[in-house]
Amino acid sequence: MSGAYPHEARGGDPRGAAPGTPHDAAVAGMFGRIVPFYDLLNRVLSLGLDRYWRHVLARNVRLGATGLVLDLAAGTLDVALAVRRRYPGACVPAMDFCPPMLARGRRKLRGADARNILPVAADAKRLPLPDSCVDCVTMAFGIRNILPRERAFAEMLRVLRPGGRVCILEFGSGRERIWGGLYNLYLNRVLPRVGRIFSKDPAAYAYLAATIRQFPPAAALERELRDAGFARAWHEKLTSGIVCLHVGEKGR
């Protein structure tokens with residue numbers, strides 16, 4: 001893939017661009033504090049289902065002429081690695097506004113992955129990329145942390161080539177009763193307590209639960225994608241709606 005990706009994403013700077021708003025800075029700082037526990041808690045709190053959810057996300061990626069998949073809110077690079085497993089020829093600029101997350105993820109990169117996954121500290125609302133330069137944009141469990149979402153959707157649409165696809169994995173809304181309310185009980189009571197025990201940062205996992213409770217239902221987020229300008233948008237509920245995969249396609 002040498003020379004095939006935009007120079008703006010080459011050689012990702014682990015320091016990168018500073019978050020743009022007080023909200024962004026607070027979220028980036030919170031994630032920076034829980035970096036040592038992040039991957040472990042993903043496994044524990046999802047009962048290991050996070051691997052399956054990322055597999056479904058990668059399965060919905062579509063490559064085209066550029067061979068580029070932009071992963072946003074890339075965290076510790078698990079989605080970028082899942083995309084590379086599915087498409088070994090893909091090059092994945094992996095962007096996040098929390099540099100410690102990307103630094104942690106770099107430790108996982110070996111061989112061809114180290115050459116074709118490009119960690120870059122960047123804000124999803126201000127992408128350092130030219131127009132129409134990537135085949136697909138992915139994001140897992142990040143869109144609920146971005147305000148306003150409309151700006152991130154506009155940037156995704158801008159950098160996608162005509163006919164390109166965005167694939168967004170996100171928790172189901174806490175406004176909906178799932179598994180007869182067991183999911184809501186888990187969200188409100190269990191998740192913050194487990195997060196506090198493992199990470200010693202109760203505010204971080206209280207924040208996580210609050211953002212899921214406040215997040216719009218899947219049909220509403222689908223409408224947001226259409227309103228942002230995506231020609232087609234749909235969603236698929238995974239694990240009874242605990243997680244949803246949202247897909248939007250740019251018009252040709």
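Predicted model: local features only at pLDDT ≥ 70, side-chain atom pairs only at ≥ 80, totals over all residues.
The lining itself is made up of F171, G172, S173, F215, P216, P217, A218, L221, C244 and H246. Among the secondary-structure elements, those contributing two or more residues to this lining are helix 10, which spans residues 218–228, and strand 7, which spans residues 243–249. The volume of the largest cavity is about 30 Å³, and the count of cavities of 30 Å³ or more comes to one.

The packing of two helices was also examined. The axes of helix 2, formed by residues 35–46, and helix 5, formed by residues 99–106, come within 9 Å and cross at roughly 65 degrees. Because angles of 65 to 115 degrees count as roughly perpendicular, helix 2 is described as roughly perpendicular to helix 5. The crossing of helix 2 and helix 5 is right-handed. On the side of helix 2, the contact is made by V35, P36 and Y38, whereas helix 5 contributes P100, M101 and R104.

Key. Residues numbered from 1 in each chain as written. Heavy atoms only, no water. 1 Å grid on protein atoms, 1.4 Å probe; cavity = no way out; pocket = protein on both sides within 12 Å on 5 of 7 lines; lining within 4 Å. Points joined across faces, edges and corners; volume = space filled by probe spheres on them. Helix = DSSP H or I, 4+ residues; strand = E, 2+ residues; numbered from the N terminus. Axes fitted to C-alpha atoms, helices over the stretch in contact; angles between N-to-C directions. Parallel < 35°, antiparallel > 145°, perpendicular 65-115°, else oblique. Left-handed = near helix turned anticlockwise from the far one by under 90°. Contact = heavy atoms within 4.5 Å.
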